[in-house]
Amino acid sequence: MMEIYLMRSKSLHRVYQLIDLSVGINDSDLMLIKLLNDSTRPYNLVLTKADKVKSKHVAAKAKKVIEQVRQDGNVDVLMPIVHIVSTYTSYGVAELMSGFI
């Protein structure tokens, strides 16, 4: 059902894929990324729970996630901005929200 929605929706312009930065990419994340790549629907990555990762490791963990996503195939639909956020500390939330307008 989600596949049909991603492929046919005329009102869906972009998808925001949330990935827990403290855990990294899991199987369900990879499944949705594959669906998004196959649908050619533009999407942004939002790396959540940045507060649970030591600040000196955030960039390396984010880079690892991005590399894993790029390995999956059609990265033409992956938007170039990757958001790193923490709702606990509000880090990055304002920047992410500004993209919704």
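Visitor: Which side chain meets K49 in a salt bridge?

Guide: Bear in mind that this is a predicted model. K49 sits in the loop between β2 and α3, and its partner lies 29 residues away in strand β1, so the pair links distant parts of the chain. The N to O distance is 3.5 Å, inside the 4 Å cut-off. The partner is D20.

Visitor: Is D20 buried or exposed?

Guide: The cut-off for buried is under 20% relative accessible area. D20 comes in at 19%, so it falls under that cut-off. Call D20 buried.

Visitor: How many salt bridges does a search of the whole structure find?

Guide: One is the K49 and D20 pair. Another is formed by D38 with K34. For the whole structure, the search comes back with two.

Visitor: How far apart are the closest N and O atoms of D38 and K34?

Guide: Both residues are in helix α2, and because they are four residues apart there, about one helical turn separates them. D38 is partly exposed at 48%, and K34 is partly exposed too, at 45%. Their closest N and O atoms are apart by 3.0 Å.

Visitor: What distance separates the end C-alpha atoms of helix α2?

Guide: Helix α2 runs over residues 27-39, which makes 13 residues. At 1.5 Å a residue, the helix should span 18 Å. The model agrees with that, since the end C-alpha atoms are apart by 18 Å.

Visitor: Which residue follows α2, with a positive phi?

Guide: Helix α2 covers residues 27-39. The residue that follows has a phi near 60°. That residue is T40.

Visitor: Which residues is H83 in contact with, leaving aside its neighbours within four places in sequence?

Guide: H83 is found in strand β3 (residues 78-84). At 13% relative accessibility, H83 is under the 20% cut-off and so counts as buried. Its contacts beyond those neighbours are N44, L45, V46, L47, E95 and L96.

Technical notes: Residues numbered from 1 in each chain as written. Predicted model: local features only at pLDDT ≥ 70, side-chain atom pairs only at ≥ 80, totals over all residues. Heavy atoms only, no water. Helix = DSSP H or I, 4+ residues; strand = E, 2+ residues; numbered from the N terminus. Expected span 1.5 Å × (residues − 1). Buried < 20%, exposed > 50% of the residue type's maximum accessible area, 1.4 Å probe, protein only. Contact = heavy atoms within 4.5 Å.
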